[in-house]
Amino acid sequence: MTLVELVYTSEVAADVTSEDIHHMIEQARIKNRRHGVSGLLVYAPPYFIQMIEGKSDEVIETFSRIQQDRRHHSVHILHVGPVVRRSFPQWDMGLMETSGDWQLDLRQFEHVIRRGEGLVSRGVEAIEQFYHQSSVVPV
């Protein structure tokens, strides 16, 4: 079965709290572990940026559930494609909450998102590109 990665952005619903996000991550970790999905959720108010990876059928099923979630809207896929290996094999679902200094946040995670030979997955590039091109100014 082919491994794929999918990266999307969405806008966080106005009534979502930090507690909601942490609860969502805990639930996602349980489901992802069961289905062999891994990834990273970046919470950069007012956006989510998420990369999920795994077997193609599991990623599609997981993304289908994600699209239906009321805690966000305006879901846009930035990238989807096959990968040779996972970027986040150690995380059922990692969470990165931006501090307001996006460059610092990216540097903190660089050792995690860089691949062994210095290569970066296209999904990780999509996350970085969103950061660099976003007109959103974190508060």
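Is Tyr43 buried or exposed? Tyr43 is buried, with a relative accessible area of 15% (buried means under 20%, exposed over 50%, with a 1.4 Å probe and protein chains only).

## About the model

This is a predicted model, in which local features need pLDDT of at least 70 and side-chain atom pairs count only at pLDDT 80 or more, while totals for chains, interfaces and linings use all residues. Residues are numbered from 1 along each chain as its sequence is written, and side-chain values use heavy atoms, without hydrogens and water.

## Aromatic pairs

The structure holds 3 aromatic pairs (ring centres within 6.5 Å; planes under 30 degrees apart are stacked, over 60 edge-to-face, the rest tilted). In one of them, Tyr8 and Phe63, the centres are 5.5 Å apart and the planes stand at 55 degrees, so the pair is tilted. Tyr8 sits in strand β1 (residues 3-12) and Phe63 in helix α2 (residues 56-68), so this pair ties together parts 55 residues apart in sequence (helices, H or I of at least four residues, and strands, E of at least two, are DSSP runs numbered from the N terminus). Both Tyr8 and Phe63 are buried.

Tyr43 also has a partner: with Phe48 it forms a tilted pair, 5.7 Å centre to centre and 50 degrees between the planes. Phe48 is buried, at a relative accessible area of 2%.

## Helix α2 and its two faces

Back to the helix that holds Phe63. The buried residues of α2 are Glu58, Val59, Thr62, Phe63 and Ile66. Ile60 and Gln68 are exposed, on the face turned away from the buried side.

Conventions
Phe/Tyr/Trp six-rings, centres within 6.5 Å; stacked < 30°, edge-to-face > 60°.
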